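Here is a structure to read by its labels.

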Amino acid sequence: MSEHSNGSAPRRIFIDKQSPQAFQALVKTSEAVGATAAEAGLDRSTVELINLRVSQVNGCAYCLDLHTRRALRAGESPQRLGVLAAWRDADVFTPVERAALELAEATTRATDSAAQEAAYAVARRILTEDQISAVIWVAVTIGAFNRVSIMSKHPVTAPRQAAATVS
């Protein structure tokens, strides 16, 4: 009898657990990309904004949860995180962050060549070549993690509550 013979969807395989060697290669890539971003002068907060925006575009709940917590630890404000999905309409992001977000979105929506050209033109005016490369690598890498989590249906769970004290 199959797992979904009762009409329910089949259980998803956590591909990171099923193929740990492949997942570890992605983790190593992510570590190299993080170092590349730092060397290019992109701070951790900017990298987390990119991770979050790409995860928003891709609809990855697990990565949104994870990178929201990381962004807060990196010093991001709840206000900026709250308006990130509408960053173009919020005057709380720096020119570097705006160029990075636009380039990350264009990288994520790879079939929109007009958006790619526009984003690249903005990035060329504001970012260094090393930063352009790093932003694209960050977007590509988080996009891969998004797909791992989406296809695995990694769960987002509520934070653990402290046990109530009985008086």
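Predicted model: local features only at pLDDT ≥ 70, side-chain atom pairs only at ≥ 80, totals over all residues.

Q: What makes up the secondary structure of the protein chain?
A: The protein chain has eight helices and zero strands. From the N terminus on, the order reads α-α-α-α-α-α-α-α. The C-alpha atoms fill a box of roughly 60 × 50 × 30 Å along the principal axes.

Q: How do you know what confidence the predictor has in the protein chain?
A: The pLDDT averages 92 over the protein chain. A score of at least 70 is reached by 92% of the residues. Residues 1-5 are another matter: there pLDDT stays under 50. For residues 1-5 the model has four contacts beyond four places in sequence.

Q: Which feature does UniProt place at residues 20-106?
A: The UniProt record, an unreviewed entry, gives "domain: Carboxymuconolactone decarboxylase-like" there. In the model, the span 20-106 is 75% helix and 0% strand. Its end C-alpha atoms lie 30 Å apart.

Q: What makes the contact of H3 with H8, and how do its residues divide by class?
A: H3 brings Val-47, Ile-50, Asn-51, Val-54, Ser-55 and Asn-58. H8 brings Val-135, Val-138, Ala-139, Ile-142, Gly-143, Asn-146, Arg-147 and Ile-150. By class, that gives eight nonpolar, five polar and one charged. Gly counts as polar under this scheme.

Q: Why is H6 described as oblique to H8?
A: Helix H6 spans residues 95-108, and its axis crosses that of H8 at roughly 50°. Roughly parallel needs an angle under 35 degrees; roughly perpendicular starts at 65. H6 is therefore oblique to H8. The two axes come within 9 Å, and H6 passes H8 in a right-handed crossing.

Q: What makes up the contact of H6 with H8 by class?
A: The contact has eight nonpolar, two polar and no charged residues. On H6 the residues are Ala-100, Leu-103, Ala-104, Thr-107 and Thr-108. On H8 they are Ile-132, Val-135, Ile-136, Ala-139 and Val-140.

Q: Why are H7 and H8 called oblique to each other?
A: Helix H7 (residues 113-126) and helix H8 (residues 129-152) pack at about 135°. Roughly perpendicular ends at 115 degrees, and roughly antiparallel needs over 145. H7 and H8 are therefore oblique. Their axes are 8 Å apart, and H7 passes H8 in a right-handed crossing.

Q: Which residues of H7 and H8 meet, and how do they divide by class?
A: Tyr-120, Ala-123, Arg-124 and Ile-126 of H7 meet Glu-129, Gln-131, Ile-132 and Ile-136 of H8. They divide into five nonpolar, one polar and two charged. Tyr counts as nonpolar here, while Glu and Arg count as charged.

How values were computed
Residues numbered from 1 in each chain as written. Heavy atoms only, no water. Axes fitted to C-alpha atoms, helices over the stretch in contact; angles between N-to-C directions. Helix = DSSP H or I, 4+ residues; strand = E, 2+ residues; numbered from the N terminus. Left-handed = near helix turned anticlockwise from the far one by under 90°. Contact = heavy atoms within 4.5 Å. pLDDT = per-residue confidence, 0-100. UniProt positions renumbered as here; feature names shortened; annotations may be inferred.
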